[in-house]
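Colleague: I'm new to this one. Could you walk me through it?
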Amino acid sequence: MNYQKILERIYNELEPEFGAGQVAQYIPELASVDPKHFGMALMTPSGDLHSVGDADVKFSIQSVSKVFALALAMRLVGDDLWTRCGREPSGNPFNSLVQLEHEQGIPRNPFINAGALVITDVILSEARTPREAVLDFLRMLTGHEDLHVNEAVAHSEMETGHRNAAMAHFLKSFGNLKNASSDVLEIYFRSCSIEMTCAELSAACLFLANQGHSIQTGDQVLSASQSKYLNSLMLTCGTYDAVGDFAYRVGLPAKSGVGGGIVAAMPGKFSVCVWSPGLDAQGNSLLGGNALELLTTYSGVSVF
């Protein structure tokens, strides 16, 4: 499969649309990002990297970090995780409070914000250095020690993340946060504010295309079964209340973030990251979703 040629075809086809969508406005540091950025990188289990456009430009990974936080929590506590968080699609916006109240403080899945706060609480309780745990995990997965949190973005989120703060206090009221809400929020915002490139993210999620095995370290990041579980959650919950349409069009397990990044994995074939800051109405990268649809169309490779 000539993935480089396919990526170049996608880039050329989408280039007239660069800048489409709306950058996230509710986080001031993200509102200033140039919407015309577009990058895409794909890595195979043999370690071959293919890329186009701004694949080496760092951006705020935002909720893409939830994939790695969940993998870390699965490593730390295993199936005990699911006593505090569900595994079903939400069908509601990622920051909904109504659903959380209806379900008595048990988030519907780990990829909506409430679920990610519970996952962060697990990491805070179980990791040796919880403040840097997700960042250190990503450094291990990529082999890059120079990954960092964008402190300006983290501060911006702390200053404006009132709904997330309300959600954390709500979870605490139901007894589903064990640590101080302020500590959970700080680590959650810092994880979302990690900056990475498409090339780095495609390397980071390669274990999901390789039965949980890291080619960077030679370690088993997750068991083959855990990798399957995480892929299935990405497929059914990774793009919020657009998961049905995304699965229909793209056919890959994926996780999006409001920074405009989307990571996806095709087990046995590749991991891929695309970044285009303009979002659709559901908070997913507009051109990122289109690019991944073209990838599975032109390659003929998807989970279906």
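This is a predicted model: local features need pLDDT of at least 70, side-chain atom pairs count only at pLDDT 80 or more; totals for chains, interfaces and linings use all residues.

Colleague: Start with H5. How many residues does it have, and how far does it reach?

Modeller: Helix H5 covers residues 113–126, which is 14 residues, and spans 20 Å from first C-alpha to last, close to the 20 Å expected at 1.5 Å a residue. The expected span is 1.5 Å times one less than the number of residues. Helices (H or I, at least four residues) and strands (E, at least two) are DSSP runs numbered from the N terminus.

Colleague: Is H5 mostly covered or mostly open?

Modeller: Mostly covered, with 12 of its 14 residues buried. Buried means under 20% relative accessible area, exposed over 50%, and partly exposed in between (1.4 Å probe, protein chains only). Among the buried ones are Leu 117, Val 118 and Ile 119.

Colleague: Which helices do the buried residues of H5 pack against?

Modeller: They pack against H3 (65–77), H4 (98–102), H6 (133–142), H8 (162–173) and H9 (181–192).

Colleague: And H3 with H6, at what angle do their axes cross?

Modeller: Roughly 95 degrees, and the axes come within 10 Å. Axes are lines fitted to C-alpha atoms, for helices over the stretch in contact, with angles from 0 to 180 degrees between N-to-C directions. H3 and H6 are therefore roughly perpendicular, a label for 65 to 115 degrees; under 35 is roughly parallel, over 145 roughly antiparallel, and the rest oblique.

Colleague: Which residues make that contact?

Modeller: From H3, Phe 68, Ala 69, Ala 71, Leu 72 and Arg 75; from H6, Ala 133, Val 134, Phe 137, Leu 138 and Leu 141. Contact means heavy atoms within 4.5 Å. They divide into 9 nonpolar, no polar and 1 charged.

Colleague: Changing topic: how many disulfides are there?

Modeller: The structure has 0 disulfides, a disulfide being a pair of cysteine sulfur atoms within 2.5 Å. For Cys 192, the nearest cysteine sulfur is that of Cys 85, 15 Å away. For Cys 205, the nearest is that of Cys 273, at 7.2 Å.

Colleague: Are those two buried or exposed?

Modeller: Cys 192 is buried, at 2% relative accessible area, and Cys 205 is buried too, at 1%.

Colleague: Now the loops. Where is Ser 193?

Modeller: Ser 193 lies in the loop between H9 and strand E5 (194–196). Its relative accessibility is 0%, so Ser 193 counts as buried. Leaving aside neighbours within four places in sequence, Ser 193 contacts several residues, including Ser 60, His 148 and Glu 157.

Colleague: And Leu 208?

Modeller: Leu 208 is in the loop between H10 and H11, and is buried at 1% relative accessibility.

Colleague: What is phi for Gln 211?

Modeller: Near 55 degrees, a positive value in a residue other than glycine. Most residues other than glycine have a negative phi. Gln 211 is in the loop between H10 (198–204) and H11 (224–237), and is exposed at 61% relative accessibility.

Terms used:
Residues are numbered from 1 along each chain as its sequence is written. Side-chain values use heavy atoms; hydrogens and water are left out. Ala, Val, Leu, Ile, Met, Phe, Trp, Tyr, Cys and Pro count as nonpolar, Asp, Glu, Lys and Arg as charged, and the others, Gly among them, as polar.
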